[in-house]
Amino acid sequence: MTTKIEKAGPVDAPPPAPESIKAIPVRHYGRWVAAIIAIALIALLISAFARGDVNWNAIPDYFFDGEVLKGVRNTVWITILSMVLGVALGIILAVMRLSKNPVTASIAWGYIWFFRGTPVYVQLLVWFNLGLVFDYINIMPIYKDEWSDFMTPFLAALLGLGLNEAAYMAEICRAGIQSVDEGQSEAAQALGMSHAKTLRRVVLPQAMRVIVPPTGNEFINMLKTTSLVIAVQYWDLLQATSEVGQNSGATAEMLFLAAAWYLILTSVLSVGQYYLERYYARGSSRSLPDTPLQRVRANLLSLGNRSGGVNV
């Protein structure tokens, strides 16, 4: 038995592989020029301070001085109290501003107009020098005392900063309240909730997502604005470093020290603001971006996996 074997025909050759595209990146010479200029300016600035008559050793020597630390504590304390007063009064003024009652709305508008229209430095001086106008404070039958004993530097600083901040917080809170859809309030009222309860349970929690970011900025700005309370003789960070600088002869160095402390405090507040914004952003986005610590941890894990991988 014979088997017929057919001769196979020629096999078609596979098509040649396409040539890889050689992408030539666009050269941005302007970026390099700008970077070189920026580095040169920074180097010139560092060189100027290095050659200046600055006693840099005085900064670490007095960084944890007792008077300086007292000024830091007072600065943080007056900042927190002024912001608490400003936020509480700002919420009240925002609700008054949005009220349908023309009297309360006009009072809130007048308050905001006055305190936003006058410098905070002037307001501090006015509170501190009201003793020239009033001899006594008489709130019968609650309190009565001489004005000089009543208006201490701490109280003048608190009123000057807190009442001024309330005007700005009122506008921030008003914008946050108006950002909530009116249907939310209508639905809550249809369920029998009062206006106050609707505002507390429905509107304000949703408005916090809009209120928190600018409030964090105001908190940081308040920390720096406390340097103005030196006008009312309140012992803050700037007052403390100024006194130490006059006594030690290192006036400029102590100002650099004060700047370093302000940078540390504002950096801590910035981190707190970041995580607070993440907390209130949970309901607005399905997935939150990774925090800096999470990104660093992920990069370290990826590097570890690459270095520990086994090639087969």
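1. The lining of the largest pocket divides into six nonpolar, six polar and four charged residues, where Ala, Val, Leu, Ile, Met, Phe, Trp, Tyr, Cys and Pro count as nonpolar, Asp, Glu, Lys and Arg as charged, and the others, Gly among them, as polar. Please keep in mind that this is a predicted model, in which local features need pLDDT of at least 70 and side-chain atom pairs count only at pLDDT 80 or more, while totals for chains, interfaces and linings use all residues. Residues are numbered from 1 along each chain as its sequence is written, and side-chain values use heavy atoms, with hydrogens and water left out.

2. This largest pocket has a volume of about 550 Å³, and of its 16 lining residues, Leu-98, Ile-177, Glu-182, Ser-185 and His-195 lie nearest the centre. A pocket here is an open set of points on a 1 Å grid over the protein atoms alone, where a 1.4 Å probe fits and protein lies on both sides within 12 Å along at least five of seven lines; lining residues have an atom within 4 Å of a point. Grid points are joined across faces, edges and corners, and a volume is the space filled by probe spheres set on the points. At least two lining residues come from each of helix H7 (153–178), helix H8 (182–190) and helix H9 (195–225).

3. The second largest pocket holds about 330 Å³ of space and is lined by 20 residues, with Val-212, Thr-215, Gly-216, Phe-219 and Leu-276 nearest its centre. Two or more residues of this lining are given by each of H3, H7, H9 and helix H11 (251–280), and the largest share, eight residues, belongs to H9. By residue class, the lining of the second largest pocket has 16 nonpolar, four polar and no charged members.

4. As for the overall fold, the protein has twelve helices and two strands, these being DSSP runs numbered from the N terminus (helices H or I, at least four residues; strands E, at least two). Of its 312 residues, 29% count as buried, which means under 20% relative accessible area, whereas exposed is over 50% and partly exposed lies in between (1.4 Å probe, protein chains only).

5. Ser-82 belongs to helix H3 and counts as buried, with a relative accessibility of 0%. A polar atom of its side chain lies 2.7 Å from the backbone oxygen of Ile-78. Leaving aside neighbours within four places in sequence, Ser-82 is in contact (heavy atoms within 4.5 Å) with Ala-157, Leu-158, Leu-161, Gly-162 and Met-222.

6. Asn-74 is also found in helix H3 (residues 66–97), and is buried with a relative accessible area of 18%. Not counting residues up to four places away in sequence, Asn-74 touches Tyr-234 and Trp-235; the C-alpha atoms of Asn-74 and Tyr-234 are 8.7 Å apart, although 160 residues separate the two in sequence.

7. Leu-132, in the loop between helix H5 (120–128) and strand S1 (136–139), is exposed, with a relative accessible area of 75%.

8. An unreviewed UniProt entry lists residues 32–50, 76–96, 108–130 and 255–276 as "transmembrane region"; such positions are given in the numbering used here, feature names are shortened, and annotations may be inferred rather than shown by experiment. In the model, residues 32–50 are 100% helix and 0% strand, with end C-alpha atoms 27 Å apart, while residues 255–276 are 100% helix and 0% strand, with end C-alpha atoms 31 Å apart.

Conventions:
Polar contact = N/O pair within 3.5 Å; in protein donor to acceptor, adjacent residues only side chain to side chain.
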